[in-house]
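Subject: Handover of a structure and notes on it

Dear colleague,

I am passing on a structure that you have not worked with before, and my notes follow below it. Please read them with the structure open beside you.

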Amino acid sequence: MGWVEMSERELRRAEVLASVFAGRLTMTAAADLMDVTRRQAHRLARQFADHGAAGLRHRARGRPSNRLLGPHVRQMAMAYVTESYRDFGPTFASQMLLERHGLSVSRETLRKWMSEEGLWLSRKQRRQFHQPRLRRDHFGELVQIDGSEHRWFEDRGPRCTLIVFIDDATGRLVGLRFVPSESAFAYFETLKGYLTSHGRPLAFYSDKHSIFRVSKPQAQGGQGMTQFGRALSELNIEILCANSSQAKGRVERVNRTLQDRLAKELRLEGISTIEAANAYLPAFMARFNERFATAAARPENLHRPLERAPGQLDTILAWREQRYVTQQLALSYDSKRIILDETPLTTGLVGKYVETYEYPDGRLEVRWKGIALPHRVFDKKQRVTHTAIVENKRLSEALAWVKARQDEIRPVRTKTNSEAGGYIPRPKGRRGPISFADRHAAAKKANRTASAGAAAKHGLSAAPAEAP
């Protein structure tokens, strides 16, 4: 008869029914042991009597499922995945197959196919997760912020940074912006869009970057806070710094998700510039929040109204410093010399401190008690010095700036030792005084050239006329 494949439950039923036929068990007791009704126990007994233990095996074992997808569907799906979605996850790949190709394959089926083809590893094989902390209860109670430097445009463009604002209670993206590097101005621009759309939250949760926290207690000026902290203080928003990356795991995890999903969507859309990517972000955020955001534990929205005019908000979200005015009505700022125009107001500011306002768009204002002072910039040339302190998150932008400046400078030819010593080579030719014979030959040659030129001007030939 050969081998018969049976499950553990079917083997146990065969033993119970054998005991029934041997007279050791009643049918009622056998039904209880097999966890079936007495009528079902009689059916199983008839199958066992007619076909033996093999009659108890499931009839569908070894047969293909009625819901099995055809081999052409698997071949087509894996061709699309291999060509365009090789580094996609099964869930995202199944969504792209349905939206872009009209091919409906469940994520688990696609996961099995990709695992068999070696295109997908299980979550346990890829990484280990830390236990996440509990969410806050209200929308707007805590917003986690971070910058994610990544090759968002892959090989189509340079590296850049994505500023991410995510609400802790709902996991909802409330602010996204692509910038060249992580800086205070980058956070100012993202914060302005967030405040305009949602209002003021209770607090922001960030890392220990120098944008958010003064690392040196003995730092002079700024009342012990950074420019970003000063702006949040004027807006009555608290800033909290996490002690580890795991503490703000919500924004760290969404950074990893965005590096997977957003980078691939930018590839599919053919986007390779920061400007085009920023224009694409609102639609992406709406789809992302619709799919992944959850409801807060409590329905109250703790965002407060902005209560600031647009011009006043721009003044708050500016880099503000105090500068000393010299006897020449000049002050130094960012390796530049700012000279105030001489007016009745500015002449009385000698020896006093004025405020400089630098805006994200590059504008610079000098103010005294809120009054803008006319000025001019004496020296606009800036450079990264050899001793400049550059943080790792801004290193890419600094190196790109240095390369652009170096490309503008023409390469200097290296001088030889003779040229460095002042030697000037003489022109080639005869040396010494010119003799009388040489001067006479040169004069005759010049006369012949002049005669030929005059004859050509009057249409005559310089050669003698032939005899008649």
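Which residue does the side chain of Arg 267 meet in a salt bridge? The partner is Glu 154, with 2.9 Å from N to O, where a salt bridge means a side-chain nitrogen of Lys or Arg within 4 Å of a carboxyl oxygen of Asp or Glu. Before going further, please note that this is a predicted model, in which local features need pLDDT of at least 70 and side-chain atom pairs count only at pLDDT 80 or more, while totals for chains, interfaces and linings use all residues. Residues are numbered from 1 along each chain as its sequence is written, and side-chain values use heavy atoms, with hydrogens and water left out.

Arg 267 lies in helix H10 and Glu 154 in the loop between strand E1 (143-150) and strand E2 (160-167), so the pair ties together parts that are 113 residues apart in sequence; helices (H or I, at least four residues) and strands (E, at least two) are DSSP runs, numbered from the N terminus. Arg 267 is partly exposed at 27% relative accessibility, as is Glu 154 at 24%, given that buried means under 20% relative accessible area, exposed over 50% and partly exposed in between (1.4 Å probe, protein chains only). Both residues also belong to a network of salt bridges that includes Asp 87 and Arg 156.

The whole structure holds 25 salt bridges. One of them joins Arg 200 to Glu 307, with the closest N and O atoms 3.8 Å apart; here Arg 200 is buried, at 8% relative accessible area, whereas Glu 307 is exposed, at 61%.

Turning to the helices, the axes of H2 (residues 27-34) and H3 (residues 38-51) come within 9 Å and cross at roughly 95°, the axes being lines fitted to C-alpha atoms, for helices over the stretch in contact, with angles from 0 to 180 degrees between N-to-C directions. That makes H2 roughly perpendicular to H3, a term for angles of 65 to 115 degrees.

Finally, 3 strands form an open sheet in the order E7-E8-E12, with antiparallel pairing, where two strands pair if DSSP finds at least two bridges between them. Strand E7 (330-333) and strand E12 (375-377) stand at the edges with a single partner strand each, so one side of each is left without a neighbour in the sheet. Between E7 and E8 (residues 336-340) there are 4 bridges, and Leu 331 has Ile 338 in E8 as its bridge partner.

Note on methods
Parallel < 35°, antiparallel > 145°, perpendicular 65-115°, else oblique.
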